[in-house]
Amino acid sequence: MKFSTRLTVILLSAFSLLVVISLFTVRIELSVRQTASQKIFAETLAQGMSNAIIQDVIDGERAKLTTLLKAITHKDNGLIEYIYVSDMDGHVFAHSYSNGFPAFLVKHSPQNTQHPERPQKSSGTAQLTSKFRIRGDDLIHEYELPLITGTDATLYIGFNQATIAQVINSSSKGILGLGLLLATLITIAAWFIIKRMIQPINHFTSILKQYRSDERLDFSSQKTTIPEIQLLSSVLQDVFSTHNHHEITLEKQRRHLEVTLNSIGDGVITTDAKGKITHLNPVAEQLTGWSIAEAKGLPVKTIFTVIDATTREPIPNPVEEVLSSGKTVYLSNHTTLISKDGTEYQIADSAAPIRSEENEINGMVLVFNDVSEQYHLRETAKNMQQKSQRMLDDMQTFVGLFKTDGTLTFVNKAPIEALGFTESELLGKKLWATPWFDYSTEIQSKIESECETAASGTASICEIYINTLDGLRLIELTSRPLFDQYNKVSELIIEGKEISIQHAALVTVQQQEIELKEILNSLENSVITIDQNGIILSLNLATEIMFGFSSEEMLHQNISMLMPEPDKSQHDGYIARYLKTGEKHIIGTSREVAAQRKNKTSFPINLSIAELPRTDNNLRRFVGSCQNLTKIKLQHAQLQQAQKMDALGKLVGGIAHDYNNILGIILGYNELITMKYANTDGLSRYTSNISQAVKRGQDLTHRMLAFSKRESTKPQLVNIQESFNSQKEMLSNSGTSRVSIIYNFSTSTGPIWVDPSEFEDAILNLTINAQHAMPDGGTLTFTTTSIHLSKMEATILGLPENDYVKLSITDTGSGIDEDTRSRIFEPFFSTKGTDNSGLGLSQVYAFMERAGGTVDLYSQPGIGTEFSLYFPRHLDSPPTRTLEVLHTSTPGDGERILVVDDEPALREVAKEILEIAGYRVLTATDGLTALSMLTTESVDLILSDVIMPNMDGYQLAEKIKQQYPSIKIQLASGFSDDRHITHADEALHENRISKPYTSSELLNRISILLEKGKRQ
């Protein structure tokens, strides 16, 4: 053979060998790549399906998993021969064969001995475990892959190598048939063919390597005509889509479960099988004080500390009992949870096991809620019930609860103790069968009837006697039904209240009515009641005497029979107009009218008419009081004549009084001159002469007073109450019947040393003035008290410190204005015109001076007037007036004083006296101005009038105490009533100085207050 041939043969053989070697190399490479791809695919498939497969294995969803495996095998076109899964016990759980598990796999089933070459299983790695020949030459490679770390569930996948082998054999035969001439080209073409064939697998592998559990695989970029690759792409696409769907579903379920637990209004704690915390919802975090991040993995007892609310002893944590016994545990009603920060909550809770489908305990769920409010309400209700029980037991009335048939179920102690029975001897008996009512069968029937009425839904009340240890007692028995939520009578409550006293009181009222009638008949004034038509309904005995008619002649007759013309014919019109319009022309007032007796003679009366409350049948009634003025008019005329006869003496006394006041002014200014110009040479001689002149003037006034009888001629011991008793009738007749007179006499006042007649005249004068101040009626009050005037109080009134009897005459009239008060005691001064001499109050003033006392006046327009008479209290001898030496005040040291008074002259006098004494003085016209000044000025003491416009002195003092507590306050007023003060103002009221005050009185009080403030 030629060398060339041989060379050609050699080359052809070499090329053929090269082609064969290349073919086998390609075939081996394809097989290796196929094996690698199958391993990657198995791993990827198992990872994608692991969550769904293991959940189906745990949930026992054999049919569901079998369907999935068959669907995967059905779409493989011969690549995947079978898929089966073994469970955690090593048994075949599900497979893709339609006709049962094949016999050729039985000997290689998971429970048999592993392949000798089979490596140890590792999580997440596919291992080639077996090779099978089926249906002739079909070669099957079986891969095994554990599904989840720590479990025995395993996925087995069998891949059919026939298709790959056919492709490889076909390629090899094609290469051998091309010839030697094309060997090089074939070799090159084989290289490119191999590379091209491997490229889809490489591309496919690169896609699989990019897989992440939270991403979706996309095989749309896989461009290949290889059916197996196409099938594999389709299958993997479906597998991963199913996997993603299951993952999304599981995530939604997990989130839904978490939201559900977090939305529960109770606290929820879940644990694993060892009692370690796996979850806390927000309520549990709030109540325990632990967050889920802090508590997760800790034992329940670490964060869930509970004690007994009553004993404060620890309560065994329920986790051990639940996990060991598998029972649901409920804690007591007195369980207290102590949170992380020490806060305590009263809780109600329950603990239950969490079981798997195999009934194994996988953990515990603890549900609890805060019932602190309900617990406290329950405890409060319990305490209230006990308190109510004690209250009912302490009640002296009968209180019992009964069934609707009258059976006693509860009764308080009072009725039990009344008969000496025990509760057990009474409970369960019918009310009418108890010893309380066994004294009469008639009474028992009545009690039974009352119970039947209450049981029908109607309350009833009756008066009945009950048997007690002290005998029969009258009670008011009230039976009431109690309704349930369905508005049906569920119980009866029966209360028995003793009314023996009320019954006795009713008898007393009837007796009082008789007494009232006797009182009305004893009155000197006529009292008549009429109806809205003017018909007389009742009258007293004085009416018969006054008008000359008998009661039979007047009853049921028109009241106009007692009137002369024209009132007689117009009276019905008066009533009709009042009933129609309500205008009170004569109702509620008193007036003088003419009345007519039976004999047709007329006489003057004071008539007061008032409307009585309406009767039950809405009948309107009126009552009239008639006072015969015949005697009063005569007494009034006599009194006027006596006052006129005494006018000359009073004139002299008035002149002496005014003259004495002038002397007082001269003496006051003489003191000021002495204070201001004490160092002026020769001035003392002049001031001494003035003092001597004043003394001579005082002697002259003494003689004038003696002429006008300014000294009592016949003083003696007088008991005030006895004196009033002797002149009560005269005092009552001195005014109208619409004025009520009240006597408040103290039994400890003692006698006074006065002229009895002068005392009676003074009281009469004050009474008449008070009556005139109350034309529409009111109240006149006489009050006596025994008091001790301190040095300061006596100084204010111009009296020595001593014990006094104070007689107050207070009316609720129109009051007296300031101008009138300044002249009220002047002789011949009157506000009543020419009908009055104007000497009454001047006589009172002179009388009090002669008695060694004084009269103090306070009045406020629209409120009333009070005259206070201060009499020295008589001890062993007739009292004599003593000269009081005032405490020498300390000169001022530049302290700032604010004088508040609405009277300009009084402000200036006080300012001048205080400035001379060494004080710095500011002035204000009223309380509001004073408060405004204090915002910019600093003062040590405020001297304020009491009665001022806008804000009185007590109101100003209260503001000062609140805003400027360090400022001392001194009030000045001539009023002794307490209507302007409260309990907080008592000290100010007691220490006030009375107007008009002297310079020594003012300086003495200011000095005391400022010295007291320095000591404090």
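# Close-up views of a predicted model

**View 1. His 556 sits in the loop between α15 and α16.** His 556 is not a glycine, yet its phi is positive, at about 70 degrees. For comparison, most residues other than glycine have a negative phi, and most peptide bonds are trans. His 556 has a relative accessible area of 62%, so the residue counts as exposed. The loop between α15 (551–554) and α16 (567–581) also holds Pro 566. Here the peptide bond between Glu 565 and Pro 566 is cis, with omega at about 5 degrees.

**View 2. Asn 950 has a positive phi of about 75 degrees without being a glycine.** Look for Asn 950 in the loop between β32 (941–945) and α27. Its relative accessible area is 64%, and because the cut-off for exposed is over 50%, Asn 950 belongs in that class.

**View 3. Helices α26 (residues 927–934) and α27 (residues 953–963) have axes that come within 10 Å.** The two axes cross at roughly 20 degrees. Angles under 35 degrees count as roughly parallel, and α26 and α27 are therefore described that way. The crossing of α26 and α27 is right-handed.

**View 4. Glu 937 and Arg 896 form a salt bridge.** The closest N and O atoms of the two residues are 2.6 Å apart. Glu 937 is in the loop between α26 and β32, while Arg 896 is in strand β30 (residues 896–900), so this pair ties together parts that are 41 residues apart in sequence. Glu 937 is partly exposed, at 33% relative accessible area.

**View 5. Arg 312 pairs with Glu 344 in one of the seven salt bridges found in a search of the whole structure.** Their closest N and O atoms lie 2.5 Å apart. Because Arg 312 is in the loop between β8 (305–308) and α9 and Glu 344 is in strand β11 (residues 344–355), the bridge ties together parts 32 residues apart in sequence. Arg 312 is partly exposed at 43% relative accessibility, and Glu 344 is partly exposed at 39%.

**View 6. Lys 430 and Asp 405 meet through their side chains in a salt bridge, at 3.9 Å from N to O.** The pair links distant parts of the chain, 25 residues apart: Lys 430 is in the loop between α11 and α12, and Asp 405 is in the loop between β13 (398–402) and β14 (408–411). Lys 430 has a relative accessible area of 29% and is partly exposed. Asp 405, at 38%, is partly exposed too.

**View 7. Tyr 439, Tyr 465 and Leu 472 make up a nonpolar patch on the surface.** Together these residues have about 280 Å² of accessible area. Tyr 439 is in the loop between α11 (413–419) and α12 (441–455), and is partly exposed with a relative accessible area of 32%.

**View 8. Helices α21 (residues 756–772) and α24 (residues 840–850) pack with their axes 9 Å apart.** The angle between α21 and α24 is about 140 degrees, which means that α21 is oblique to α24. Their crossing is left-handed.

**View 9. Asn 1004 lies in helix α29 (residues 999–1015).** Is this residue buried or exposed? Asn 1004 is buried, because its relative accessibility is 5%. Asn 1004 and Pro 891 are 113 residues apart in sequence, with a C-alpha to C-alpha distance of 9.6 Å.

Note on methods:
Residues numbered from 1 in each chain as written. Predicted model: local features only at pLDDT ≥ 70, side-chain atom pairs only at ≥ 80, totals over all residues. Heavy atoms only, no water. Patch = residues over 30% accessible without salt bridge, like charges linked within 9 Å, V, L, I, M, F, W, Y side chains within 5 Å. Areas by Shrake-Rupley, 256 points an atom, 1.4 Å probe, with all protein chains shown as cover. Salt bridge = Lys/Arg side-chain N within 4 Å of Asp/Glu carboxyl O. Helix = DSSP H or I, 4+ residues; strand = E, 2+ residues; numbered from the N terminus. Buried < 20%, exposed > 50% of the residue type's maximum accessible area, 1.4 Å probe, protein only. Axes fitted to C-alpha atoms, helices over the stretch in contact; angles between N-to-C directions. Parallel < 35°, antiparallel > 145°, perpendicular 65-115°, else oblique. Left-handed = near helix turned anticlockwise from the far one by under 90°.
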